[in-house]
Amino acid sequence: MKVDRRNFIKTGSLVVLGSLAAPSIIGGCVPMGGSGKTVDISGALNHFGVTEEDMKKVLAAALEKGGNYADLFFEHTFTNSMGLQDGAVNRTSSYIDFGMGVRVLNGDQTGYAYVEEITLDQMLKAARTAARIASGTATVAPANLTEKKIADNRYVAKTAWEDYMVKDKMPYLQRLNDRIFALDSRVIKVNANLADITSHILFCNSEGVTYYDYRPMAQLGASCVMEENGKTETNSAGRSFRMGAEFLNDELIETLSKEVIDRTTILFKAIKPKGGEMPVVMGAGGSGILLHEAIGHAFEADFNRKNISIFSDLLNKKVCNENINVIDDGTIPFNRGSVNIDDDGVEGQKTYIVKNGVLNSYLHDRVSAAHYGIPSTGNGRRESFRQIPIPRMRATYMEAGNVSEDEMIASVKNGIYASIFTNGQVQIGAGDFTFFVKSGYLIEDGKLTQPIKDVNIIGNGPKALADITMVGNNYMMDNGTWTCGKDGQSCPVTCGMPSALVSKLTVGGEN
């Protein structure tokens, strides 16, 4: 049994993975049939080897020290990964995770313990440990359990990854490798990675809510090294969706192959620009990292209820141009960041965090929502059964405006156009952020000129948001393999936005 206590930190980060780490085998159990099949709670209980009576006993034990709420989170996740290098698939691995966690709340206090052996005895020990951490004076009894049906499944898998063998996956990596080499004679090396992740989640709480969620995930990425006149450059491309094995198809192979070639080719002509404060046109799609880092983390409600966030006293106040709308959405079909029901037992929702320039809502889990006396926005997420849920982004994006990208470029005398992004981080309290631009262009006299590469952009969240003066009509979601880190936990997310002109950002370049 392991014990975890809530620990707030003041930073968040977002990365997009160019390659996938190969996990090791640590255990196993027989998976329940997935994909589009309907699984009721009785099937989920059988899968985890527990009964409804067991869960009632564990919930009762969790509340026996006076907590006012308790929940149980059961998880069975299996991850398969394979990689290609030097023209052949030469590594594959599988990782299986199985266990459950017990959480007890008493106001702002959180008690949490988890077990990797799901027996009634072990679960009761975990429940009583969590109960002692969040003890109180409440006299709450668990309600009868009622299944919460998923009415609109946002990620039905047509072909379960459980039914797709290594021999079925290998040809796609081989075709990706061969196609990249075929597209450009300058390619000298290709690395490619494929991972599929399937999670079975069973949840119940003392309010009587119980649900089962089957969560598929797929991600495919490639990087290539190209050589021209003795100079080498490398870049990568990837896609990730909550899908089954239907994710793999020839169209995806062609798209990634062309994208990684185009992204690498431009680097041969690219320079590092002169640094300084200047206008920046953010290209559509991956520029959503600006929203994620500049404001997204600072809008997560745990930072605001602790008065850590720079936006803590700006709720319902104007924070930017009235034409700007920013959304965090858990309802987009097959999106990497979508949730049918979050890890707090709340349905996924579409939340306007900025509406018509006004800070409309923070992103809430159960704890922060209770603190503010409002319903949760469905943003309670956790990395696994080993952690408590905390407010986390899902798919964060800006709605389209009414200006063309050409118009905003034409309005800039000297600046940069940023198009491909890799990672970023933010200091929540001060609102200062930085992210890395892999490639883009100089803007000179209203025109794109010299390609640029390897640029850091630095800014302050509220100021950058206020300095957005134009929003493009070309909204795009970036469906790469974005992964967000916070409080020692990682979660899959996505980000997107139309092109946008930020009148002033600090660009780190050559002196």
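A search of the whole structure, which is a predicted model, finds 11 aromatic pairs. This tour visits some of them and then turns to other features.

**Stop 1.** Please select F241 and F247. Their rings form a tilted aromatic pair, with 6.4 Å from centre to centre and 55° between the planes. F247 counts as buried because its relative accessibility is 3%, and the limit for a buried residue is under 20%.

**Stop 2.** Next, select F433 and F435. The ring centres lie 5.7 Å apart and the planes meet at 5°, so this pair is stacked. The reasoning rests on one cut-off: planes under 30 degrees apart count as stacked. If the surface is displayed, note also that F433 and F435 are both buried.

**Stop 3.** Select F48, F74 and F98 together. Here, ring pairs join the three residues F48, F74 and F98 into a cluster.

**Stop 4.** The tour now moves to charges placed over rings. Select R175 with Y172: the charged end of R175 sits over the ring of Y172, at 4.7 Å from the ring centre. Then select R382 with F73. The charged end of R382 sits over the ring of F73, and its distance from the ring centre is 3.9 Å.

**Stop 5.** Finally, select residues 289–296, which make up helix 6. How many of the 8 residues of helix 6 are buried? The count is 8 of 8, and the helix is described as mostly covered. Among the buried residues of helix 6 are I289, L290 and L291, as well as H292 and E293.

Note on methods. Residues are numbered from 1 along each chain as its sequence is written. This is a predicted model: local features need pLDDT of at least 70, side-chain atom pairs count only at pLDDT 80 or more; totals for chains, interfaces and linings use all residues. Side-chain values use heavy atoms; hydrogens and water are left out. Rings of Phe, Tyr and Trp (its six-membered ring) pair if their centres lie within 6.5 Å; planes under 30 degrees apart count as stacked, over 60 as edge-to-face and the rest as tilted. Buried means under 20% relative accessible area, exposed over 50%, partly exposed in between (1.4 Å probe, protein chains only). A charge sits over a ring if NZ of Lys or CZ of Arg is within 6 Å of the ring centre and within 35 degrees of the ring normal. Helices (H or I, at least four residues) and strands (E, at least two) are DSSP runs, numbered from the N terminus.
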